[in-house]
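Subject: Structure handover

Hello,

The structure we spoke about is below, and my notes follow it. Please read them with the model open.

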Amino acid sequence: MSYDQEPASPMFRIDVSPETGSDASISESRLTIELLRQMVASQNQQNRLLQDLIQQNAAIQKQRAGELQQWKDSNPELSRACRQAAETLSRVQTGFLDSLTEEILENEEHLMEGEFMLNEFVDRFGPRLAHLNGVLQVLAQLGTGQPIQNS
């Protein structure tokens, strides 16, 4: 069998040569303008969506603050007690952080060199610090936020 080199029929040809002339520059300008318009429209839509998101977040925050204030108003003694407990726990946290930093400074070389010592340190101090922070945040949020007057 031999392959004859017959020209391909026009049905199977695709012209991929670039356009020439002034029509190409006009169409490129129109294309650029249209793309810029689409970009501006997209940015406007993104801005509207961001504004909606901000409004929604603000409404949720306002609702939470209102509920928290309502709880504080209905439980003033407990709110003051939470504030006092938060202040006390804050002093405890300061002491805990002081001992933690001393431990780090005393064992700097061991912590840097050995993964075992680092893991032991994190296991020893990490959970306690995380839980202490969580409890402190809850108490501070439930506290009145006003300074406690010593009686």
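In this predicted model, H2 passes H4 in a left-handed crossing, meaning that the near helix is turned anticlockwise from the far one by less than a right angle. Helices here are DSSP runs of H or I with at least four residues, strands are E runs of at least two, and both are numbered from the N terminus.

Two packed helices are described by the angle between their axes and the distance between the axes. For H2 (residues 76-106) and H4 (residues 115-142) the angle is about 155° and the axes are 8 Å apart. That angle makes H2 roughly antiparallel to H4 (over 145 degrees; under 35 is roughly parallel, 65 to 115 roughly perpendicular, the rest oblique). Axes are lines fitted to C-alpha atoms over the stretch in contact, with angles running from 0 to 180 degrees between N-to-C directions. The contact of H2 with H4 is made up of 17 nonpolar, four polar and four charged residues. Nonpolar covers Ala, Val, Leu, Ile, Met, Phe, Trp, Tyr, Cys and Pro; charged covers Asp, Glu, Lys and Arg; the others, Gly among them, are polar.

H4 has a kink of about 30° at Phe125, shortly before Pro127; the bend is the angle between axes fitted to the seven residues ending there and the seven starting there. Phe125 is also one of the buried residues of H4, along with Phe121, Leu132, Leu136 and Leu139. Buried means under 20% relative accessible area, exposed over 50%, and partly exposed in between, with a 1.4 Å probe and protein chains only.

The buried residues of H2 include Ser79, Gln93 and Glu103. Cys82, in H2, is buried because its relative accessibility is 8%. Its C-alpha lies 6.8 Å from that of Ala140, although Cys82 and Ala140 are 58 residues apart in sequence. Leu78 is also in H2, but is partly exposed at 45%. Between Leu78 and Thr144 there are 9.3 Å in space, C-alpha to C-alpha, and 66 residues in sequence.

For the chain as a whole, there are four helices and zero strands, and 12% of the 151 residues count as buried.

On conventions, residues are numbered from 1 along each chain as its sequence is written. Local features need pLDDT of at least 70 and side-chain atom pairs 80 or more, while totals for chains, interfaces and linings use all residues, and side-chain values use heavy atoms, without hydrogens or water.

Regards
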